[in-house]
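Let's take a friendly walk through a protein model together. Have the sequence and the 3D view at hand, and follow along as we go.

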Amino acid sequence: MANLINLTVFKRFLSSNYAGGILLFSCVIISLIIANSPFAEGFNQFFQQVIGYESESIQLKYSVKLWIDDGLMAIFFLLVGLEIKRELVEGELSSPKKAALPIVAAIGGALVPAGIYIALNISEPTHHGWGIPMATDIAFALAIITLLGKKVPASLKIFLAALAIVDDLLAILVIAIFYSSDMHLTYLMYAGGIMLLLIAFNRFGVKNIWAYLIPGVFIWYFVHHSGIHATIAGVLVAMTLPTTPDATESPLEKLEHALVNPVNFFIIPLFALANTNITLHEEMISGLTSPLGLGIILGLFLGKTIGIFLTSYICVKTKLANLPEEAGWKHMIGVGMLGGIGFTMSIFISMLSFKDPLFIEEAKFAVLIGSLISGLCGYFFLSSLAKKAA
């Protein structure tokens, strides 16, 4: 029988750099529509269903939403950790000259938004959310700059990817240090003991990926029960994966390639479905002009743009680094705007920042608005630069 369905276009879409970002955006829209429809209650009940196993010594019974946020997102953080390590070993962060600009820009792009948020919320009950506008979403930011194609220098995309990876590392440190609950040292010691085992595997040249992943599951369990957020376990395990000194594909690269599609096309979209099902109401709309809402929106849009541009300018003028090839200062303003797309990590930190459900919902909504403004402004600004140059 002749093949009636042409899968070429579908395969080409899945292999494109912006496919994950488009799917993620679609899931956000679907989740918002369902949350404001008659199906909202059933949708919420599904994510609140409790599944798993528990006994006197083992506690693994949680809601579907918590399994997504603490379990599946640990795999997302594992991929982020692998990307960070690869960049440190052989990529844009592998030498001081290469690493200087994205590292300095990422730090500026984190501190200025946090400063704006703190200035607006210093005497408010929402002051603890200062970490929310610090993050950049790699999937969305790269999806938008990829859509621009040849309108922007190729080096700009590399710079934005490196900046977003450093940004993720900063966000991971912020979560581990400032957004973890009471710590239980016994569980931390168990996790530390297994980490030493994985480091030993690396030292002795163990190349089997499962030798790292299976103990990694136990690290996740102990970290989860230690009080430190469980997703940090993914980064810890990633740092122990071995690399190779030549062009041979390393265990780190094999695992990274294996995880890219499941993370981009399943885990992150599912996270979006579970965490952007925001029922819009009048209080939430008015919350956009509250210190919480303004702190997030202005932090993401203005804070990221100013922080990334200003620190990049200082870094280049002091000759610590060079601008990305064929890029000008206006390009750096546009990249700064795209850095304000904080979606995944910002929503994640929103849920860790507050106990009041209303604050969480208002923060998520502000993240959506701030990210949307940053993404649209960044896209049209960079696109206009290309038209002027033509």
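A residue is called buried when its relative accessible area is under 20%, exposed when that area is over 50%, and partly exposed in between. Keep in mind that what you see is a predicted model.

With that rule we can look at F140, which lies in helix 6. Its relative accessible area is 11%, so F140 is buried. What is F140 in contact with, once we leave aside its neighbours within four places in sequence? The partners are G21, L24, F25, I341 and F343. Look at G342 too: 202 residues separate F140 and G342 in sequence, yet their C-alpha atoms are 8.6 Å apart in space.

I144 is also found in helix 6. With a relative accessible area of 18%, I144 falls under the 20% cut-off and therefore counts as buried. Leaving aside neighbours within four places in sequence, I144 is in contact with L338, I341, G375 and Y379. Now try L120: I144 and L120 are 24 residues apart along the chain, and 30 Å separates their C-alpha atoms.

Next, see how helix 6 (residues 138-147) sits against helix 7. The two pack at an angle of about 170 degrees, and their axes are 10 Å apart. Angles over 145 degrees count as roughly antiparallel, so that is the word for helix 6 and helix 7. On the helix 6 side, the contact is made by I138, A141, L142, I145 and T146. Helix 7 brings L156, K157, L160, A161, A164, I165 and D168 to the contact.

Now let's turn to charged side chains. Side chains of opposite charge can pair when their charged atoms come close. How many salt bridges does the model have? The count comes to four, and we will visit some of them.

Another salt bridge brings together the side chains of R86 and E256, at 2.7 Å from N to O. This pair links distant parts of the chain, with R86 in helix 4 and E256 in helix 11 (residues 251-275), 170 residues apart. R86 is partly exposed, with a relative accessible area of 22%, whereas E256 counts as buried at 5%.

A further salt bridge is formed by the side chains of K364 and E361, at 3.9 Å from N to O. Both residues lie in helix 16 (residues 357-389), three residues apart, or about one turn of the helix. An α-helix has 3.6 residues a turn, so residues three or four places apart point the same way. K364 counts as buried at 4% relative accessibility, while E361 is partly exposed at 23%.

Helix 4 (residues 64-90) has 27 residues and reaches 38 Å from its first C-alpha to its last, close to the expected 39 Å. Where does helix 4 have its kink? The kink, of about 35 degrees, is centred on M73. Helix 4 is also mostly covered, as 19 of its 27 residues are buried.

Methods
Residues are numbered from 1 along each chain as its sequence is written. This is a predicted model: local features need pLDDT of at least 70, side-chain atom pairs count only at pLDDT 80 or more; totals for chains, interfaces and linings use all residues. Side-chain values use heavy atoms; hydrogens and water are left out. Helices (H or I, at least four residues) and strands (E, at least two) are DSSP runs, numbered from the N terminus. The expected span of a helix is 1.5 Å times one less than its number of residues. The bend at a residue is the angle between axes fitted to the seven residues ending there and the seven starting there. Buried means under 20% relative accessible area, exposed over 50%, partly exposed in between (1.4 Å probe, protein chains only). Axes are lines fitted to C-alpha atoms, for helices over the stretch in contact, and angles run from 0 to 180 degrees between N-to-C directions. Angles under 35 degrees count as roughly parallel, over 145 as roughly antiparallel, 65 to 115 as roughly perpendicular and the rest as oblique. Contact means heavy atoms within 4.5 Å.
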